[in-house]
Amino acid sequence: MGNNQREEVGGGNSDWMSRLPEELLDVPLWNLAIPGSHDSMSFCLDVSSPVLRSEPWLLRLTDRLFPCWTRPCIFRWSTTQQSVLWYQCELGIRYLDLRIARKPAGGSRLFFAHGIYTLMSVKEALEELASWLDAHPKEVIIMSCSHFEFLTDEDHVQLVEFILSLFSGKLCFSQDVPTLRSCWSGGQQVIVSYDNHQMEQQHPELWPNIPYWYADSPDPEKVIAYLEERKRHGRPDGFYVSGLNLTEDARYILLHPLQNLRKMTTKALSPLLHWTAEQRPGPEQGGVNIVCCDFVGISRFCSIVIDLNFRLLKAAVRTSSGTQLPPGRDA
């Protein structure tokens, strides 16, 4: 693989899967390095919406008494993305973290949520995604649908029916071993992880919940240490996520009254991206798969993750030639 081709993949990421070299087209997608966005829909949180009913009772009580204080604060610390969905895909994001909820007084429409609810409905977001996929027929998106705040059984039935209808022939079946070549040959572009066992069992188009490793810490060094510890115990067999996202707590917020999640993330990006650049995808014990980050448009995050796939290519070339690199040299 020449440098020019590598730069093309890393620089223009809107169709990066279609530009991967031939040698990687039969690799299962869970052995590729795939960029993802954490809480993908939080770019459109509605600051006028109430706090989620699953939040602690004290926060909900405070929200009822002082909404002009609580909601802007939650907005600052719950907004994890600034790019709209189609632009995240243009940047190279291929895993979407979609946390679905029923909004009070929202009628039959479903929305997304992170602390508070979104302005954009599930139907609007998925139709936007479907249009993007039509324009990029060789790109594959992994949708992780989860949380389902206060959805009824009927809500689940209608949501799944909408997903199956909207993406119809584009869906990969859960019994498949998806590779880029197999997806292209079948016109498949969407893998739907649906974190509801009953619905997953009823529909072979739905995949089980994808494990998400995250440290639940505002300290990037603790995030890295946590991910390294998880890697030492071995990776899951299928899809899984390594989360670079930081998590603030009440103490951190009180001690940083003028800060927000974007400022906290920006300060921490250097060590997190350095760790990412040192990773290797693949089935081995420490192999990464999906790597998720907050504010995916403010750094080279997507390009760094995509470029990890070239390490698979180098390993394949080394194996086929029967040669070994000298000790200390990166493969």
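Trainee: Which residues make the nonpolar surface patch of about 710 Å²?

Mentor: We are looking at a predicted model, where local features need pLDDT of at least 70, side-chain atom pairs count only at pLDDT 80 or more, and totals for chains, interfaces and linings use all residues. Numbering starts from 1 along each chain as its sequence is written, and side-chain values use heavy atoms, with hydrogens and water left out. The nonpolar patch is made by W57, L58, L61, L65, F66 and W69.

Trainee: Does L65 count as buried or exposed?

Mentor: L65 is found in helix α2. The cut-offs are under 20% relative accessible area for buried and over 50% for exposed, with partly exposed in between (1.4 Å probe, protein chains only). Because its relative accessibility is 55%, L65 counts as exposed.

Trainee: How many of the residues of strand β2 are buried?

Mentor: Strand β2 covers residues 95-102 and is mostly covered. Of its eight residues, the number buried is seven.

Trainee: Which strand does β2 join over six bridges?

Mentor: Two strands pair if DSSP finds at least two bridges between them. With strand β1 (residues 34-37), β2 pairs in the parallel sense over two bridges, and G36 stands opposite Y95 there. With strand β3 (residues 110-114), the pairing is antiparallel over three bridges, and I100 stands opposite F112. The six bridges, also with the strands parallel, lead from β2 to residues 141-149, which form strand β5.

Trainee: Which residue of β5 stands opposite R99?

Mentor: In a regular strand the side chains alternate between the two faces of the sheet. Across from R99 stands S146.

Trainee: How far apart in sequence are the parts that R181 and D26 tie together?

Mentor: Side chains of opposite charge can pair when their charged atoms come close. The R181 and D26 side chains meet in a salt bridge, at 2.8 Å from N to O. R181 lies in helix α7 and D26 in the loop between α1 (3-11) and β1, so the parts tied together are apart in sequence by 155 residues.

Trainee: And D63 with R71: what is the relative accessibility of R71?

Mentor: D63 and R71 meet through their side chains in a salt bridge, again 2.8 Å from N to O. D63 is buried, with a relative accessible area of 4%. R71 counts as buried as well, because its relative accessibility is 17%.

Trainee: Which residue forms a salt bridge with E228?

Mentor: Look in helix α9 (residues 220-232), where the two partners lie three residues apart, about one turn of the helix. The closest N and O atoms are 3.2 Å apart, and the partner is K231.

Trainee: Which residue has its backbone oxygen 3.4 Å from a polar atom of the Q188 side chain?

Mentor: Q188 lies in the loop between α7 (180-186) and β6 (190-194) and counts as buried at 15% relative accessibility. Leaving aside neighbours within four places in sequence, its contacts (heavy atoms within 4.5 Å) include V140, F173 and C183. The backbone oxygen at 3.4 Å belongs to L171.

Trainee: What is the phi of F295?

Mentor: Most residues other than glycine have a negative phi, and most peptide bonds are trans. D216, in the loop between β8 (212-213) and α9, has a positive phi near 55° and counts as exposed at 51%. F295 sits in the loop between β10 (290-293) and α12 (301-307) and counts as buried at 4%. Although F295 is not a glycine, its phi is positive, at about 50°.

Definitions and conventions:
Helices (H or I, at least four residues) and strands (E, at least two) are DSSP runs, numbered from the N terminus. A polar contact is a pair of N or O atoms within 3.5 Å; within protein, one must be able to donate a hydrogen and the other to accept it, and residues adjacent in sequence count only if both atoms are side-chain atoms. Patches are made of residues with over 30% relative accessible area and no salt bridge: like charges are joined within 9 Å, nonpolar side chains (Val, Leu, Ile, Met, Phe, Trp, Tyr) within 5 Å. Accessible areas come from the Shrake-Rupley method with a 1.4 Å probe; for residues, only the protein chains shown count as cover. A salt bridge is a side-chain nitrogen of Lys or Arg within 4 Å of a carboxyl oxygen of Asp or Glu.
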